[in-house]
Each structure stands twice: as structure tokens, then as C-alpha cells.
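Visitor: Could you take me through this structure, one topic at a time?

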Amino acid sequence: MDEHRVKRRRAFRQRLVSQRSQQLFTVFVFLLIPLTLLGVFTYFPFAKMAQFSLYDMRYIGKRTFVGLRNYLDIFTREELFRTLRLSFYYLAASFVQLALALFFASVLSFKVRAAGIFKGIIFFPFLVSGIAIGFIFKFFFTRGFVLDTLLIFMGFEQSQLPYWLRDSQVNNIMLAATSVWRYMGQNMVLFIGAIMSVDPQLYESAEMDGANTWRKFLNIILPSIQTIIVLNMILSITGSISAFEPPYVITNGTFGTGTYFVVMNSMAHEKQKVGLAAAMAIVLMAIIVLVTAIQKIIVKVFFEEDKNGMIFSERRAMKKRLAKKRKEASA
Amino acid sequence: MKKFIAIALSLLFTASLAACSGSESPPTDAPASNAAASSAPAPSAEKTDEPVEAPELPAEAPSFDQINIGDYAGITANLQFKTHRTDIVDTIFQGYIADFQKIYPNISINYEAITDYAETMTTRVSTPDWGDICMIVTTIPNTELINYFQPLGSTSVLAETYNFADNKANAGVTYGISSTNNVQGVLYNKAVFEQAGITAVPKTPAEFIDALKKVKENTDAIPLYTNFSAGWTMGAWDAYIGGSATGDPDFMNIKLPHAKDPFKDRGDGTGPYAVYSVLYDAVSQGLVEDDPSTTDWEGSKGMFNRGEIATMVLGSWAIVQMQEAGPNSADVGYMSFPISVNGKQYASAGPDYNYGINLNSSVENKIASLLYIKYLVENSNFDYDQGGVPTVKTHELPSTLAAFDGIELVADNPAKESEEDLFTNINVDSEVSLNMDNQHVIDIVEAALGGGKTLAQLTDEWNARWTASQEKYGVTPE
């Protein structure tokens with residue numbers, strides 16, 4: 001009996017101190033806190049929001065269950081869903097932003113005098129807080145102020161210039177431009193980081209082969225930093241769907257600049273329609289998931305290398321070549 | 001590349017310049033509250049040359065109407081006072097303490113100014129020892145006052161002497177006395193009006209628009225500055241649709257939830273439509289600033305003071321700020337909203353924060369608090385100096401409000417019992433959001449500027465949504 005017990009105890013102790021269980025224990029303890037935080041502050045509130053989206057409710061007071069009515073409202077009330085169209089302005093701007101960032105990153109990665117200063121200047125706007133940027137651009141666009149003065153100096157007449165934030169032909173473009181100004185530096189820094197990781201020997205050998213800077217960019221830099229470009233694109237596109245800060249701080253969504261996010265915020269906090277705003281948030285998330293998935297698929301189909309190390313365009317080119325060869329052979 | 005650098009640099013510098021001018025004018029209530037908290041007044045005991053015998057105190061504090069300045073001479077107490085006025089706690093309030101201590105040298109008063117007053121105080125009041133006097137936060141329903149604040153006396157008795165004695169009252173007992181009172185009107189620059197040749201203050205929407213036209217023709221000033229881009233300044237227009245536009249204290253909380261098409265044009269220049277039509281007409285006829293989308297609130301105060309702006313539609317709290325924004329404080333005038341109901345003008349008015357006394361304070365602290373509040377309300381001239389309507393009925397209106405002499409002040413009556421949240425329910429559900437968001441007023445300006453919808457079309461939409469929400473909450477419009 002005694003012997004038996006001792007054996008079991010030892011077995012238990014052994015199991016306790018065995019490497020495997022120690023590992024498991026450590027993993028469990030280390031994960032406990034982050035997972036609890038994640039659950040309590042991300043998934044639980046999200047579940048609550050999903051629940052709220054089924055109710056007609058304010059922050060205080062009675063709640064009425066209305067099923068999917070809030071979701072129906074979003075798609076049937078034109079003034080709500082229409083705001084998503086504004087995303088295209090920010091989408092277009094994000095491509096401009098990425099192109100500019102890539103351009104400056106490539107230029108500044110090579111030997112440029114005072115590169116550090118330029119990097120600093122271009123990155124600086126990202127460090128300014130969004131509220132301050134709101135102030136800056138409100139004055140910048142005020143009639144007869146900074147932008148107008150600059151353009152008049154360049155030969156325009158005041159009467160030729162539009163009201164930058166009032167005219168619905170230009171105001172969304174102006175707001176999108178401020179977000180280019182702000183985030184381009186951040187993209188650039190990410191790109192520079194990626195470009196720096198390219199083996200400099202590649203440039204050397206390319207130079208020996210007589211490649212100019214453009215060929216070096218196209219054939220060495222671009223393929224090497226493809227991943228970070230795709231990542232930046234995904235971030236930019238989801239960011240442009242949920243554009244919030246520029247229209248909120250500069251125009252507060254007036255004169256047709258209210259993006260989906262701005263309207264959602266006003267529903268939740270000013271109009272106190274919490275249920276509707278929660279439903280809008282969930283629809284927005286669904287759209288972002290959908291767009292990201294489509295983007296992923298496109299990247300996978302067109303840009304991913306297959307087992308032969310070829311991407312879509314190369315495969316097509318090869319197919320064409322093969323077909324041509326076959327034709328020639330048959331002819 | 002060089003060109004780009006030049007542009008980038010100029011952008012950077014202009015932007016940073018703009019940032020500076022943007023932050024030059026901090027909000028008025030910026031001074032940190034902790035500085036206020038640490039500056040305790042000098043102990044008062046030293047000032048007493050000849051000791052006054054401590055008076056005999058009753059077991060219960062008397063009511064506010066029965067206590068007088070001079071009673072209980074020699075009473076000793078140390079009062080804690082919570083206030084929201086971070087801007088004047090170290091200046092004007094310290095002067096009140098010094099003045100008060102000439103009468104009551106043994107009462108010391110410690111002010112604490114709280115920046116985030118309403119929120120902080122709501123939490124603190126729930127504990128028994130938050131201090132002795134505070135400004136009663138509006139988050140406490142009147143039915144709950146009895147659990148937190150010392151009753152000050154019968155409402156009907158106090159109402160004989162004091163304005164708005166029924167504001168913080170329940171079941172015939174008053175728990176708070178108003179510190180100062182706001183009245184809703186229109187700021188106008190007297191010098192600009194004179195220059196434009198406007199002799200009498202306009203009394204109807206049509207007269208007001210005519211006056212604005214005169215300002216545009218005869219002066220360089222902006223006739224009406226909307227302060228559009230600040231947002232909240234647009235929502236301020238809602239303050240006029242009740243008492244000022246109808247003269248009816250029941251309109252806002254009692255009749256509006258039951259009214260059929262309340263935003264319809266009444267055709268006689270009264271009601272909510274008349275208020276919004278002033279804005280719509282002024283904007284559509286070009287009588288406002290050139291570009292509303294880039295207005296600047298802090299800058300507008302100086303512009304008004306210098307006579308670059310003729311009128312602004314804001315509550316009486318704004319008067320002092322306009323006066324202090326430049327050298328021409330005498331030019332700042334305030335008139336009632338230009339609407340006459342049957343030839344008579346009314347103005348919406350209401351109390352600001354009310355003084356309340358902690359129910360859990362000791363008897364001597366309660367009596368000392370009553371004395372100090374009595375001093376503030378009757379002797380300090382705080383309400384008058386701040387450009388508000390005085391709490392004591394016999395006190396005269398400040399000169400800035402001289403134009404309100406003879407204009408009846410209307411305070412909104414509370415909703416009937418069992419209908420307390422009906423207005424809010426309909427207001428929220430219909431998304432008209434009166435006094436809640438600025439969107440509906442912003443829509444008016446946008447429509448008037450863009451030449452899209454007419455005001456009648458806009459108000460028809462509001463009426464339709466209002467009616468739908470009334471149906472939802474089982475109200476038959478009358």
C-alpha cells in the first residue's frame with residue numbers, strides 16, 4: 001500500500017516537474033493576462049455592441065428589442081449609406097499617398113545630401129496631433145488666408161478660387177489631401193525601413209550590368225519590398241473606408257463632408273441612437289472584412305509566386321510564349 | 001526636387017504659424033484647478049481685534065428667508081466651497097471672502113474649483129463629506145434633492161423674493177438658490193447699429209433682416225456672424241424656440257411633445273419656424289460672413305468688440321466675454337430675440353447653477369453657509385457683475401440687459417408628472433434633436449447657402465419625423 005502511494009506521488013511530482021507540463025504551465029500563466037485583457041476589453045465590448053445593434057436604445061433609459069430593424073434602416077435610409085461614397089476620395093488619396101511615399105523613400109534611401117533633415121520634415125506631420133492639424137488646416141483653407149495668399153502670389157485672382165471647405169466640388173479633395181500630408185511620412189518611414197533591408201550587393205551588380213536608377217527601382221527595390229507595400233495598401237484602404245479625423249476636426253462633417261464614420265459618431269453621441277450606431281459599426285466592420293478579403297485574393301492570384309517562382313504576369317507571358325511556339329511549330 | 005522642398009518648407013512654416021495663432025487664445029476656464037485648491041485663504045482669526053462672544057446656535061438651521069446678514073455674529077466655521085468657475089476662483093471669489101470676513105471674521109471659506117465640474121461633483125455628492133456648499137449639479141433629479149441638500153425653505157415664500165426659486169425644488173420645498181440667471185437674446189454692436197442708421201432695436205424677424213441689410217449697405221461689418229464651424233454655436237439657436245418665440249412657459253416641455261406639426265410656419269412671425277427663418281433668410285440673402293465653413297470662435301470675440309461684426313445670436317453669458325475681448329466694452333449691446341407675440345416681446349430665461357448646502361454638515365457650518373450664500377446672493381453683486389439677471393427680484397438689471405426692461409422673462413415649466421421623458425423620447429427618436437445636436441441647424445445654413453431645400457421643406461421633414469415619433473410613443477397630436 002505504502003509503496004504504491006509513494007510511487008504515485010513520485011509520478012505526480014515527476015509529471016509536475018517534467019519539462020512538458022512546465023512548459024504548458026508557463027504558457028498558460030503568460031497567456032492568462034493578455035487573453036483576459038483581450039477578452040474583457042475587445043471581445044466582450046464587441047459582443048455587447050452586437051447586442052446593442054438589435055435594440056432601440058439610448059445610453060440611459062429603457063431598451064426595446066427591434067431585431068434587425070437598425071440594419072434595415074442603414075440600407076434603406078439613403079443619407080446613411082450614401083456617406084460610404086466619400087470613401088472613394090480617401091481611397092484615391094491613399095494611392096497618391098503611397099506613390100509619393102514610395103518615391104521619397106526610394107530617393108532618400110540613396111545617398112542624398114541632408115537626407116536626415118528631409119526625412120524629418122516629411123515625417124513631422126505624423127507627429128502632430130489630429131486636433132492641432134484640424135486647427136492648422138482650418139486657417140490654411142480660410143478664405144484669404146494661407147492657401148489663397150499662396151495661390152494669389154502665383155497669379156490667381158481671389159474670385160477664381162473656390163471656398164475650399166464649403167464648395168462640395170473640392171472640399172472632400174482638400175480633406176483627403178490633408179490626410180495625405182499627415183500620413184505620407186509614416187508610409188515613407190516604413191518603406192525606407194524595408195528598402196534598407198535590401199542587400200546592397202544587388203545594386204552593385206545591377207550597376208555593373210548597366211542598370212539605371214529606374215531599372216534598379218523596378219527590378220530590385222519593388223520586388224523586395226512587395227510585402228510591405230501590400231500591407232500598407234490594406235491599411236490605407238481600410239483606413240479610407242473608415243476615414244474620420246480630417247472631416248471630424250476640420251469641417252465636422254458639414255457641407256457634404258460627413259463620412260460614414262462621422263455620421264456614425266454623431267448618431268452615437270449627439271443623437272443618442274446607440275442601437276443604430278452599433279449596427280452601423282458592425283456593417284462597417286463587415287465591409288472592411290469583405291474588402292480586405294477581396295484584396296487578399298487579388299494579391300494571392302496576381303502577385304504571389306507559384307512553386308516555379310513565377311507571378312501571374314510571368315505565367316501569362318510564358319503561356320503566350322508557349323502558345324506562340326506551338327503555333328510556329330505547327331505552322 | 002528643389003521646388004518641392006521649397007513648397008514643403010513653406011507649407012511647414014505656414015502651418016506651424018497657423019498652429020501658433022490657433023493656440024494663442026486658450027479657453028477662458030483654463031487655469032488649473034489644483035492651483036485653486038492649494039491656495040487656502042489666510043486664517044481669519046488674526047483679524048479679530050476684540051473677541052466677539054460666540055452666539056448661541058439653534059438645534060436646526062433656520063430657513064433661507066429667516067436668516068439675515070448680521071445674525072449670529074461671532075459664529076466660527078470653516079467652509080468648503082465647490083465651484084465650477086475656475087476662471088475667477090483666485091480673483092473675484094477671494095474678494096468676496098475678504099468682504100464677507102469683515103462681518104464674520106471667524107468664518108473661513110476654502111474654494112475648490114473643479115474643471116470637470118458636473119462629472120466630478122456628481123460622483124462626490126454621493127459621499128456625505130464632500131464639503132459644505134456647492135453648485136447643485138443638474139444630474140440630480142429634483143426628487144432626489146431631499147437626500148443630499150439642506151432644505152432652504154418653502155418655495156412659495158422664497159419665490160416672493162428670488163427669481164427661479166422653483167428650479168431646484170420638490171414638493172413645495174426649495175433646496176437651491178440660483179447664483180445667476182441667463183436670458184436668451186441677441187448680441188449686437190451698438191456702434192455698428194448707429195453707423196448703419198438703425199435707431200430702434202428690431203422687434204420682429206422682418207425688422208431684424210432689414211437691420212442686417214442696413215448694416216451691410218452702410219458699414220463694413222459682417223451683419224450676422226454665425227460661428228458656423230464651431231458647431232455648438234449653431235445648436236444655440238434652439239434656445240429661442242420656446243419662451244422667446246411663443247411667450248408660453250408651457251411650450252417647450254408640455255406642449256411641444258403633443259403639438260401637431262410644431263415646426264410649421266405659423267404665418268405671424270412667431271414660433272420655432274420664425275426663429276429658424278431669421279437664420280435661413282440672413283444666410284440666403286448673404287447677410288452673414290463670407291465663408292461660414294472657416295469661422296473662428298475665439299477670434300470672433302475680438303471682431304465683435306472691434307465692430308467688425310454687427311450681431312451674434314448667443315445667450316447672455318457671452319456678453320462679458322465680448323466686453324473683455326477688446327477696448328470697446330461699451331459697444332456691446334444685448335437685445336431680445338426679434339420676435340413679438342401679439343405685439344409683446346418675451347425672452348427665454350433660466351437659472352444658472354444653484355447654490356446648495358450639504359445636508360450632512362454640522363449646524364454651525366449650515367448656518368455659516370446660509371449666511372455666506374445670503375451674502376453672495378444679496379450683497380456681492382455676483383450675478384449683476386457677470387452680466388446675468390439678478391436672483392433677487394428687486395435688484396436692477398445690469399446695464400447690458402437694459403434693453404430687456406419691460407420684456408417678460410419666460411422660464412420653461414417642467415413637464416407634467418408621468419410625462420417627464422416624453423419630450424426626450426420624441427426628440428431623440430425623431431432625430432430632430434433639439435438642444436442635443438447641431439445638425440438640424442447646420443442643415444438650415446447649408447440649404448440656405450447651397451440654394452437647395454427651402455426652409456419650409458426642411459421643417460416639413462422635421463414635422464413628418466416628429467409626427468412619426470409621436471405615434472410611436474402613443475401621442476395623438478393636437
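The conversation below goes through the two chains and the contacts between them.

Visitor: What should I know about the model and its numbering first?
Guide: This is a predicted model, in which local features need pLDDT of at least 70, side-chain atom pairs count only at pLDDT 80 or more, and totals for chains, interfaces and linings use all residues. Residues are numbered from 1 along each chain as its sequence is written, while chains are lettered from A and ligands numbered from 1 in the order in which they are written.

Visitor: How many helices and strands are there in chain A?
Guide: Chain A has 16 helices and two strands; helices (H or I, at least four residues) and strands (E, at least two) are DSSP runs, numbered from the N terminus.

Visitor: Is chain A compact or spread out?
Guide: Chain A is more spread out than a compact globule, because its radius of gyration is 28 Å, well over the 20 Å that the globule rule gives for 331 residues. The radius is taken over C-alpha atoms, and the rule is 2.2 Å times the number of residues to the power 0.38. The C-alpha trace of chain A spans about 105 × 75 × 55 Å along its principal axes.

Visitor: Which domains is it divided into?
Guide: Chain A is divided into domain 1 (1-42) and domain 2 (85-272), with bounds from an automatic or database domain assignment. The centres of these two domains of chain A, taken over C-alpha atoms, are separated by 51 Å.

Visitor: And how much of each chain is buried?
Guide: In chain A, 28% of the 331 residues count as buried; in chain B, buried residues make up 48% of 478. A residue is buried if 20 or more other C-beta atoms lie within 10 Å of its own, exposed if 12 or fewer, and partly exposed in between, with C-beta atoms placed from the backbone.

Visitor: Turning to chain B, what is the strand order in its open sheet?
Guide: The order is β3-β2-β4-β16-β8 (chain B), five strands with mixed pairing. Two strands pair if DSSP finds at least two bridges between them. The edge strands, β3 (107-113) and β8 (177-178) of chain B, each pair on one side only.

Visitor: How do β4 and β16 of chain B run?
Guide: Strands β4 (residues 133-136) and β16 (residues 354-357) of chain B run antiparallel and are joined by four bridges. B:M135 stands opposite B:Y355 in β16(B).

Visitor: Is B:S433 buried or exposed?
Guide: B:S433 is buried, with 22 other C-beta atoms within 10 Å. A:A114 counts as exposed, because it has 10 C-beta neighbours inside 10 Å.
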